[in-house]
Amino acid sequence: MDQQATTPGTSKRHRLDENICAHIFTASAAMVGVCLTVVGIIRVVISRHKSDLFADDLLAVNAMLYLASSLLSYWALRTRNVTRNYRLERIADVIFLVALTLTAVSAAYITWAMSVH
């Protein structure tokens, strides 16, 4: 057994990291659905107003980032290798934060585009 995994501080951190990974997984999966729903709503609005917005493309990229974060966190939950778990978790965390930032940018863009049109 790995020396780090047997120390009390590390095992507590390991449990906390697994918990974070589970939260990333569930939140990312939910956000994929939210992005797809908003893309559908925007497409309806675009077809009624006969104008094209960049927002649906932005949200499609956003959904792919959330999907990547969800898949990586699921892989991290399923792996038995502690080093791989931490690496996958960190990558999933970074991608999730990028996608979350892009969600805020998309919301700001949609708000601005709707007020201009």
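A crossing of two helices is left-handed if the near helix is turned anticlockwise from the far one by less than a right angle, and right-handed if clockwise. In the predicted model, helix 3 passes helix 4 in a left-handed crossing. Helix 3 covers residues 55-78 and helix 4 covers residues 82-116, and their axes come within 8 Å while crossing at roughly 160°. Because angles over 145 degrees count as roughly antiparallel, helix 3 and helix 4 are assigned to that class. Nonpolar residues number 21 in the contact of helix 3 with helix 4, alongside six polar and two charged residues.

These two helices belong to a protein with four helices and zero strands, and the order of elements from the N terminus is α-α-α-α. Of contacts between residues at least 6 apart in sequence, 71% join residues at least 24 apart. The protein comprises 117 residues, 29% of which count as buried.

Charge pairing was examined next. Side chains of opposite charge can pair when their charged atoms come close. One salt bridge is found in a search of the whole structure. The side chains of E89 and R90 form a salt bridge, with an N to O distance of 3.3 Å. R90, by contrast, has a relative accessibility of 36% and so counts as partly exposed, a class that lies between the buried limit and the exposed limit of over 50%.

How values were computed:
Residues numbered from 1 in each chain as written. Predicted model: local features only at pLDDT ≥ 70, side-chain atom pairs only at ≥ 80, totals over all residues. Heavy atoms only, no water. Salt bridge = Lys/Arg side-chain N within 4 Å of Asp/Glu carboxyl O. Buried < 20%, exposed > 50% of the residue type's maximum accessible area, 1.4 Å probe, protein only. Axes fitted to C-alpha atoms, helices over the stretch in contact; angles between N-to-C directions. Parallel < 35°, antiparallel > 145°, perpendicular 65-115°, else oblique. Nonpolar A, V, L, I, M, F, W, Y, C, P; charged D, E, K, R; others polar. Contact = heavy atoms within 4.5 Å.
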